[in-house]
Each structure stands twice: as C-alpha cells, then as structure tokens.
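Here is a protein to get to know. Take a look at it, then work through the questions.

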Amino acid sequence: MRIEDVRALSEGIVRDFQALVEGEGVRVKIQVPPAPVLVSLNRDGMTHALVNLLDNAVKYTPMNGAAREVSVEVRSGIREAFVAVSDR
C-alpha cells in the first residue's frame with residue numbers, strides 16, 4: 001500500500017468509465033472536495049472496487065424512459081476517505 005489521492009484516482013476512473021458507457025444513455029457525475037484526499041491504499045484494489053460498483057450501478061439501474069444517472073461522491077474524514085456510488 002502507498003499514499004494515494006483518492007480524489008484524483010476516482011476522477012480518472014469516472015472519466016474512463018464515462019467514455020465506456022457514453023452510448024448507453026448513462027450519465028456519470030462525480031462530487032469531490034476541493035483539496036486532495038490522501039490515504040494509504042492499494043491502487044489496483046481501489047480501482048477494481050470502484051469500477052465494479054460503477055458497472056453494477058449501470059447494469060441494474062432501469063432505463064424508465066430517461067437517461068440513467070450514476071453518481072460518485074468522494075469525502076474525506078479525519079483518518080479515512082469515503083467513496084459512495086449511487087444510481088437513479
């Protein structure tokens with residue numbers, strides 16, 4: 001494990017994921033704090049987990065005649081980071 005910026009990592013993952021689902025009627029939004037969120041983490045594990053959550057959100061969110069929206073929120077705590085994925 002090493003110190004990584006979860007904000008920057010998440011932004012890159014979301015950007016790449018948005019490009020993959022662009023033609024599927026999916027919009028991916030991300031909310032991040034203004035400052036870097038530095039934590040010790042396994043970069044590959046974090047990437048795998050976030051991509052899996054995004055993929056599941058897209059797969060299991062019904063179209064309902066409108067564009068699907070998936071949101072990622074990155075927050076920092078005192079000694080940890082929080083990354084939440086939600087869909088509508």
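Q: What percentage of the residues in the protein is buried?
A: This is a predicted model. A residue counts as buried when its relative accessible area is under 20%. Of the 88 residues in the protein, the buried share is 34%.

Q: In what order do the elements of the protein run from the N terminus on?
A: The protein has two helices and five strands. Read from the N terminus, they give the order β-α-β-β-α-β-β.

Q: Why is the protein as compact as a globular protein of its length?
A: For 88 residues, the globule rule gives 12 Å. The protein is close to that value, so it is as compact as a globular protein of that length. Its radius of gyration is 13 Å.

Q: What share of the contacts with a separation of 6 or more comes from residues 24 or more positions apart?
A: Contact means heavy atoms within 4.5 Å. Take the contacts in the protein with a separation of 6 or more. Residues 24 or more positions apart account for 70%.

Q: Is Ser-10 buried or exposed?
A: Ser-10 sits in helix 1, which covers residues 6–20. Its relative accessible area is 1%. The cut-off for burial is under 20%, so Ser-10 is buried.

Q: Which residues is Ser-10 in contact with, leaving aside its neighbours within four places in sequence?
A: Contact again means heavy atoms within 4.5 Å. With those sequence neighbours left aside, the partners of Ser-10 are Ile-30, Met-46, Leu-50, Val-74 and Val-83.

Conventions:
Residues are numbered from 1 along each chain as its sequence is written. This is a predicted model: local features need pLDDT of at least 70, side-chain atom pairs count only at pLDDT 80 or more; totals for chains, interfaces and linings use all residues. Side-chain values use heavy atoms; hydrogens and water are left out. Helices (H or I, at least four residues) and strands (E, at least two) are DSSP runs, numbered from the N terminus. The radius of gyration is taken over C-alpha atoms; the globule rule is 2.2 Å times the number of residues to the power 0.38. Buried means under 20% relative accessible area, exposed over 50%, partly exposed in between (1.4 Å probe, protein chains only).
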